Amino acid sequence: MSDLPEDLIEEILSRVPAASLKRFRTTCKRWNALLKDQGFTEKHFRKAPKQSQVLFGFLGRLKICSLSVNGCPSIEVIDEIRLTDPVYIYKQFVISEVFHCDGLLLCTNEKKTGLVVCNPCTRQARWIKPSNRHKMSDTYTLGSYQDIKSNNITSYKILRCDTYEDKARFEIYEFGCNSWRILDVTNDYKTRYSDGVSWRGKTNWVSWDKKERAMVIVSFDYTQERFGVRMRLPYFRFGISTISLSVVGEEKLSVLLLPSDTMRREIWVTNKIDEWNKVFTMDKRKRDWLVNGVSLLFDDEKKVFLCCERLFIPDLPGFERVLGEEDEKLKESGRVYVVGEDKEVKQVNGEAIDVFYDYVPSLVQILKLSQKRKRGD
């Protein structure tokens, strides 16, 4: 390939998936420099195929895994994300919450005293000092915008949400400024901020519209720094017991609906013009009343979905008599099921988990403060 024109080499490499391309950094200094160039990484993000992987979390540890659905479903660990605590340098940073956007992971610890944005594919990480007003109940999300002050490069901001008695206060962090500022905005929709997902650079939540008396998708725009209704759910009626929102390969939204007045689960996915299509319906299992939390990931390519459920074990005398030996083992972790087009439910063998997240590797660069200053000079 050394005999090919530079622009042709760049065009070829921009179409190679990130997980494969990262191995080329050791090929030569020229390619290593190209893979770190922000212009190329943005082009690569637009053109390269998206390869979805899964992040499994358990007891503060985060692992990147692939899922095999042939025969007996199983989990293969590809890599483990290890971060050294910047305060206690001999200890590993214990990850409590994760938010994924464009291949970047925003990780916080339980007390919200530690905040880091990392890219597992490029091994970059940037530690961020939390706001002076931070609380353990805070939630953090990450989103992108076009920075007009720096030739419209893609940059990122962090949104901090502090909720108190059904009211919310917001702060924003810009990577170039390295500081927090209070946002004078309101969200008129009842929103559970811990359940947000990133889609097309914006953070999205399932929210309750008090005026229309309907469930809607509310998004936060990091360019205009304000909330707005993105779309409605496929339908809404009183009695939907659980709603789980997720992203399909960073290109589509999916939602899991569990109407309590029927014995079925429904999965809806958006199409290219953002209309909802129902892709899956199946009956609920008899013991769904034990389920305390549901997480959903839908794989559009393999036509399967993953469902992670945690059991709610009441601490009541005699209640253990209704639980089997298997349930006793699940008090400390969740169980993962994979369901295909044949609607057969199979439990996945592998790691014990608390939660899982969709993850798409990318070469997106985490802008350093020094880089930002150079552009502004």
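Here is a walk through this protein, from the overall picture down to a few single residues.

Keep in mind as you look around that this is a predicted model. The chain holds 377 residues, and 51% of them count as buried. Now think about contacts between residues at least 6 apart in sequence: 50% of those join residues at least 24 apart.

Let's start with a pair of helices. Find helix 1, made of residues 6-13, and helix 4, made of residues 38-47. How do they sit against each other? Their axes are 9 Å apart, and the packing angle is about 45°. Angles under 35 degrees would count as roughly parallel, and 65 to 115 as roughly perpendicular. The two helices are therefore oblique to each other.

Which residues make that contact? Helix 1 brings Glu10, Glu11 and Leu13, while helix 4 brings Phe40, Lys43, His44 and Lys47. Sort these by type and you get four charged residues, two nonpolar ones and one polar one.

Stay with one residue of that set for a moment. His44 lies in helix 4. Is it buried or exposed? With a relative accessibility of 3%, His44 counts as buried, because the cut-off for that is under 20%. Leaving out residues up to four places away in sequence, His44 touches Leu13, Ser14, Val16, Pro17, Ala18, Leu21 and Leu363.

Next, let's go inside. The largest nonpolar core has 25 residues, and the ones with the most contacts inside it are Leu55, Leu62, Leu105 and Cys107. Several elements give two or more residues to this core, among them helix 1, helix 2 (18-21), strand 2 (61-68), strand 5 (104-108) and strand 25 (355-359). Helix 3 gives the most, with three residues. And where does this core lie? Domain 1 (1-49) and domain 2 (50-359) both give residues to it, so the core lies between the two domains.

Now zoom in on Cys107, one of the core residues with the most contacts. Setting aside its neighbours within four places in sequence, Cys107 is in contact with Phe93, Ile95, Glu97, Val98, Gly114, Leu115, Val116 and Cys118.

Move on to Thr108, which has its place in strand 5. Thr108 is buried, with a relative accessible area of 3%. Once its neighbours within four places are set aside, the contacts of Thr108 are Phe93, Val94, Ile95, Ser96, Glu97, Gly114, Leu115 and Tyr140.

Finally, let's look at two residues in loops. Arg200 has a positive phi of about 55° although it is not a glycine. You'll find Arg200 in the loop between strand 13 (197-199) and strand 14 (202-209). Glu225 is another non-glycine residue with a positive phi, near 55°. Its place is in the loop between strand 15 (214-221) and strand 16 (226-232).

How accessible are these two? Arg200 counts as partly exposed, at 45% relative accessibility. Glu225, on the other hand, is buried, with a relative accessible area of 12%.

Methods: Residues are numbered from 1 along each chain as its sequence is written. This is a predicted model: local features need pLDDT of at least 70, side-chain atom pairs count only at pLDDT 80 or more; totals for chains, interfaces and linings use all residues. Side-chain values use heavy atoms; hydrogens and water are left out. Axes are lines fitted to C-alpha atoms, for helices over the stretch in contact, and angles run from 0 to 180 degrees between N-to-C directions. Helices (H or I, at least four residues) and strands (E, at least two) are DSSP runs, numbered from the N terminus. Angles under 35 degrees count as roughly parallel, over 145 as roughly antiparallel, 65 to 115 as roughly perpendicular and the rest as oblique. Contact means heavy atoms within 4.5 Å. Ala, Val, Leu, Ile, Met, Phe, Trp, Tyr, Cys and Pro count as nonpolar, Asp, Glu, Lys and Arg as charged, and the others, Gly among them, as polar. A nonpolar core is a set of buried Ala, Val, Leu, Ile, Met, Phe, Trp, Tyr and Cys residues joined through side-chain atoms within 4.5 Å. Buried means under 20% relative accessible area, exposed over 50%, partly exposed in between (1.4 Å probe, protein chains only). Domain bounds come from an automatic or database domain assignment.
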